[in-house]
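Welcome, and thanks for taking a look at this one with us. Below is a short tour in plain terms, from overall confidence down to a single residue.

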Amino acid sequence: MFKRKILAFICTAIISVPIIGLVFMFIEGSTLTELPGLIAFTSIYAIPVTLLFGIPVSILSDKMNNRFDSNKRVFFSLVVHLFFSTSFIVLLILILDSRFILTDFNSFDLYFLVAATLISFIGWGMDEILRTYFRKTQKTFY
């Protein structure tokens with residue numbers, strides 16, 4: 001399972017960092033010349049947080065949802081991933097700023113919320129794809 005999680009992390013980082021850079025470009029109204037800087041900014045923050053927070057959340061999601069059947073497990077796994085990514089950002093904003101996020105929401109918060117949601121969704125998708133792939137390869141070897 002841990003090998004699958006590390007592989008899902010690597011695939012998530014490779015896929016999500018350019019996508020989030022593009023989303024930031026659209027949010028800012030930037031040009032394509034600023035895209036490499038936005039991708040670098042994204043990778044500096046997103047990759048370590050995904051490694052240190054995303055992998056444990058994914059493992060927790062597997063442990064919490066292993067009792068469900070396939071469709072129910074997939075849905076609740078998505079809910080757990082999105083809940084923890086959003087709650088991480090809300091807690092981060094509440095800790096770093098002394099303001100209420102629902103009334104004093106600013107554009108800087110939007111960057112983190114969009115990035116966390118997209119990375120969580122892509123990470124969940126990668127984990128589900130790899131789970132299916134590893135399940136099929138294990139059945140062929142036994």
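## Confidence

This is a predicted model, and the mean pLDDT of its chain is 83. A pLDDT of 70 or more is reached by 89% of the residues. Going element by element, H1 has the highest confidence in the chain, with a mean of 87, while H4 has the lowest, at 81.

## Overall fold

How many helices and strands does the chain have? There are four helices and zero strands, so read from the N terminus the order of elements is α-α-α-α, as the DSSP runs are numbered from that end. Helix H1 covers 2-28, helix H2 covers 35-65, helix H3 covers 70-96 and helix H4 covers 107-141.

The chain has 142 residues, and 35% of them count as buried. Among contacts with a separation of 6 or more, 68% are between residues 24 or more positions apart. The accessible surface of the chain comes to about 8900 Å², and carbon and sulfur atoms account for 74% of that surface.

## The largest pocket

The largest pocket has a volume of about 640 Å³. Which of them gives the most to the lining of the largest pocket? That is H2, with 11 residues.

In total, 35 residues line the largest pocket. To find its centre on screen, look for Val49, Thr50, Phe88, Ala116 and Ile119, which lie nearest to it. By residue class, the lining of the largest pocket divides into 21 nonpolar, nine polar and five charged residues.

## A closer look at Ile15

Let us finish with one residue. Ile15 lies in helix H1.

Leaving aside residues up to four places away in sequence, Ile15 touches Ile122 and Met126. Where does Gly123 sit relative to Ile15? The two are 108 residues apart in sequence, yet their C-alpha atoms are 9.3 Å apart in space.

Technical notes
Residues numbered from 1 in each chain as written. Predicted model: local features only at pLDDT ≥ 70, side-chain atom pairs only at ≥ 80, totals over all residues. Heavy atoms only, no water. 1 Å grid on protein atoms, 1.4 Å probe; cavity = no way out; pocket = protein on both sides within 12 Å on 5 of 7 lines; lining within 4 Å. Points joined across faces, edges and corners; volume = space filled by probe spheres on them. Helix = DSSP H or I, 4+ residues; strand = E, 2+ residues; numbered from the N terminus. Nonpolar A, V, L, I, M, F, W, Y, C, P; charged D, E, K, R; others polar. pLDDT = per-residue confidence, 0-100. Buried < 20%, exposed > 50% of the residue type's maximum accessible area, 1.4 Å probe, protein only. Contact = heavy atoms within 4.5 Å. Areas by Shrake-Rupley, 256 points an atom, 1.4 Å probe, with all protein chains shown as cover.
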